[in-house]
Amino acid sequence: MKKILSIVLSLVMVMTVLAGCGDKKAENSSFFKEAAKMQEIKTGTADMEFSFNAKGTDVSKDKEIPKQLKNGNNVALKLKMQTTVESGTKQAVKISAQYGVTEYAEVTTIIIDGSKLYVNVGSLVDFIKSIDKNIGKQAETALGQLGAGRYISLDLKQVCQALSVEIPDMSKSAEELQKLTVKVMENLDKSFADIQGKDGDDYTLTVNSDNADKVVADLVKFCEDGSLKEVYAALMDWYVNIFGADTEMGKQFAEMKKDSTAQLDEAVKDVKDNKDNMVSTLKDAKVNVTAKLNITGDEGERVCKLSVDSGEIKDTDSDITGSVSFTSNLKEGKASIKELIPTEGVVDITAMVNMMLSQLGAAAGAQGTGLY
């Protein structure tokens, strides 16, 4: 079960990473070229749903699978995210889940309004209770001791100041992220040209048993031609830029970039040495993953639809077969989080968190001087 889950999750993550939308009328375009244009959309709403299903007699025997997820020899899990983006500093996401034979239930809602963070801990406790009453009651008691209401709020700017860390400039972060996205997609487009295509108005990306050799060959190419290192370096530069090169966090990421060469070389070597095994795994599991990206509408009112379907994948170590799917519908336009910001049952825990951080800092200092 672990093997099939790791295969489908890895494939879906690869196929959905940073995928976005653009102008479907663009000539000589591709899946990754279209995906690179995601950052053009600054505001709007999105509905995303992830589902995982598995079946087989070994499902009922697998004690590592929580019984709440099982329905006889089947296991099913769905996760839904409803996102609203008003601006780079005003965003909200409602997370809901469905498992076994239950209906969708809210897990939590997270809202960022400038430097203020809101989290619906009430719904989180309710969801935990639906899975395990004892753990849910323990969480409820702990939050009660903190004086937490239905929602908790936290001033991120004050917490960062208490930690002596500069809060990232969100507008600068978004601008740098756009540059990083373009660079990543350019490298992916160059390395994985063999598995991209078009089906009607959809740009596609395909990984299956028939093209397993091409997929692995492209992956080796991505590693060998320096694209992997270039992407990693760009990611570290992004962190340095948003935190600032002179800050402690910025210096740490700059150091990570410098020290990564040997580790990346080892990762590239592992891919090259195991390429035959990777091809065999894709073929034996009968992988048939397809991602589709479609865009309609004019700028300012674009609608982007992304879907990823793993098909039915076989676990080579058991009789279990499983599948994973992901869908995303993004609507560009003006959006507001005003109605989502809680006004009642909110407890600000900023002072409490800062006091705890101060106490931890004092304890750490005392240990350093040998007082403990």
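Me: Is the crossing where helix 8 passes helix 12 left-handed or right-handed?
Reply: Helix 8 passes helix 12 in a right-handed crossing. Right-handed means that the near helix is turned clockwise from the far one by less than a right angle, and left-handed means anticlockwise. Helices here are DSSP runs of H or I with at least four residues, strands are E runs of at least two, and both are numbered from the N terminus. This is a predicted model, where local features need pLDDT of at least 70 and side-chain atom pairs need 80 or more, while totals for chains, interfaces and linings use all residues. Residues count from 1 along each chain as its sequence is written, and side-chain values use heavy atoms, leaving out hydrogens and water.

Me: OK, and at what angle do helix 8 and helix 12 pack?
Reply: About 145°, with their axes 9 Å apart. The axes are lines fitted to C-alpha atoms over the stretch in contact, with angles from 0 to 180 degrees between N-to-C directions.

Me: Which residues make that contact?
Reply: Helix 8 brings A212, D213, V215, V216, L219 and V220. From helix 12 come K275, M278, V279, L282 and K283. Contact means heavy atoms within 4.5 Å.

Me: Which residues of helix 8 are buried?
Reply: A212, V215, V216, D218, V220, F222 and C223 are buried. That is under 20% relative accessible area with a 1.4 Å probe, protein chains only; over 50% is exposed, and in between is partly exposed.

Me: What follows helix 8?
Reply: G226 does, and its phi is positive, near 90°.

Me: Switching topic: how many residues are in the largest nonpolar core?
Reply: There are 46, and F31, F32, M185, L188, V207, L282 and V287 have the most contacts inside this core. Helix 9 (residues 227-243) gives the largest share, seven residues. A core here is a set of buried Ala, Val, Leu, Ile, Met, Phe, Trp, Tyr and Cys residues joined through side-chain atoms within 4.5 Å. A second, separate core has 14 residues, including V93 and F127.

Me: Where is A35 found?
Reply: A35 is in helix 2 (residues 31-35).

Me: Why does A35 count as buried?
Reply: Because its relative accessible area is 0%. The C-alpha atoms of A35 and E186 are 9.8 Å apart, although 151 residues separate the two along the chain.

Me: Last one, T83: which residues does T83 touch?
Reply: T83, in strand 3 (residues 74-87), touches G44, T45, A46, M48, A92 and V93, leaving out residues up to four places away in sequence. T83 counts as buried because its relative accessibility is 18%.
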